[in-house]
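Here is a friendly briefing to read with the model open beside you. Shall we start at the surface and work inwards?

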Amino acid sequence: MRSLIDIKDLSLEEIDELIETANDIIENPEKYSQKCKGKKLATLFFEPSTRTRLSFEAAMYELGGNVLGFSEANSSSASKGESVADTSRVVSCYADIIAMRHPKEGAPLVASQNASIPVINAGDGGHNHPTQTLADLLTIKREKGRLDNFCIGFCGDLKFGRTVHSLISALSGYKNIKIILISPNELVIPDYIKEEILIKNNIEFVETRSLEEAMPELDVLYMTRVQGERFFNEADYIRLRDSYILDLHKLENAKKDLAILHPLPRVNEISVAVDDDKRACYFKQVLNGKFIRMALIMKLLEVK
Ligand code: CP
């Protein structure tokens, strides 16, 4: 039985296979419409979500399966003090696979150690978000035609942005990736990502405060929201939340085939005027998230 807690739980070959399956689902959705008939997905969301929870649910329905679960801790017995370990043992009696989001880093790992069914990490605190990474990789592959030989800029909250941490980890397996880390001083990438992923894997990277200076070099721009919910101090959040706002003026120096990604939700960091630019890929990324989650559910349930 396999779970997905960290993107590194998957080999590059397995990621390629998932991307291939997702592309086939996009081309031939009817082939997959009964693949999970009789199976149940439990979505255990202890933290808010629109895309991840609903795309998991849509994915299971489009595979012919069913869904149960909760969308906030207060509507579960966690509010009475039940542990993540007990919750996952209990839900194993009702479902075939779990997708869990939790504000505490490591909670989905604990769930996977206590559940008797596969557990998917749907985001744990400021740590990891591996299924968003799969959606990001599928989007980059579909937009650029490759997962190697490109320059990607990560812009915004690189400290708390779990999607950034997971995507950098995944990209460390591909050849000739250059990473430009664009953030205010207070929101730089954590040292453990720099030391254990970037330096250890000899990934070329630079850190800068200037989106404008980085822009001409980028093949992919990954914008992020400043994660207000992870700040200890409201005044710091207010000061930093609008550090970067991507607008059409800033895109004047960008490559014509730049791909702009954002895991969403967006607050202010991308002007709505950018949405009509053909380089904006973030709503395609949302749709890709459903297809790659369909592929992942099938893989973990060992559905052929
Ligand atoms: N990208 C993402 O995780 O969005 P949600 O928080 O809406 O699930």
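Glu20 sits in helix α1, residues 12–27, where helices are DSSP runs of H or I with at least four residues and strands are runs of E with at least two, numbered from the N terminus. Because its relative accessibility is 61%, Glu20 counts as exposed; the cut-offs are under 20% relative accessible area for buried, over 50% for exposed, and partly exposed in between, with a 1.4 Å probe and protein chains only. This is a predicted model, in which local features need pLDDT of at least 70, side-chain atom pairs count only at pLDDT 80 or more, and totals for chains, interfaces and linings use all residues. Residues are numbered from 1 along each chain as its sequence is written, and side-chain values use heavy atoms, with hydrogens and water left out.

**Surface patches**

- Patch members have over 30% relative accessible area and no salt bridge; like charges are joined within 9 Å, and nonpolar side chains (Val, Leu, Ile, Met, Phe, Trp, Tyr) within 5 Å.
- A nonpolar surface patch is made by Leu68, Val90 and Tyr94, which together have about 250 Å² of accessible area, by the Shrake-Rupley method with a 1.4 Å probe.
- Tyr94 belongs to the loop that runs between α3 (84–91) and β3 (97–102).

**Covered helices**

- Helix α6 (residues 162–171) is largely enclosed by the rest of the structure, because ten of its ten residues are buried.
- Among the buried residues of α6 are Arg162, His165 and Leu171.
- Helix α10 spans residues 282–300, and its 19 residues reach 26 Å from the first C-alpha to the last, close to the expected 27 Å; that expected span is 1.5 Å times one less than the number of residues.
- Most of α10 is covered, with 14 of its 19 residues buried.
- After α10 comes Glu302, which has a positive phi near 55°.

**Salt bridges**

- The structure holds 17 salt bridges, each a side-chain nitrogen of Lys or Arg within 4 Å of a carboxyl oxygen of Asp or Glu.
- Lys144 and Asp257 form one of them, with their closest N and O atoms 3.6 Å apart.
- This pair links distant parts of the chain, 113 residues apart: Lys144 is in helix α5 (residues 130–144) and Asp257 is in the loop between α9 (234–240) and β9 (259–261).
- Lys144 counts as buried at 13% relative accessibility, whereas Asp257 is partly exposed at 49%.
- Within helix α9, Asp236 and Arg239 lie three residues apart, about one turn of the helix, and their side chains meet in a salt bridge of 3.1 Å, N to O.
- Asp236 is partly exposed at 28%, and Arg239 is partly exposed at 48%.
- Arg266 pairs with Asp275, the closest N and O atoms being 2.7 Å apart.
- Salt bridges with shared partners also join Arg2, Glu14 and Lys299 into one network.

**A loop position**

- Glu229 lies in the loop between β8 (220–223) and α9, and counts as partly exposed at 46% relative accessibility.
- From Glu229 to Pro184 there are 45 residues in sequence and 18 Å in space, C-alpha to C-alpha.
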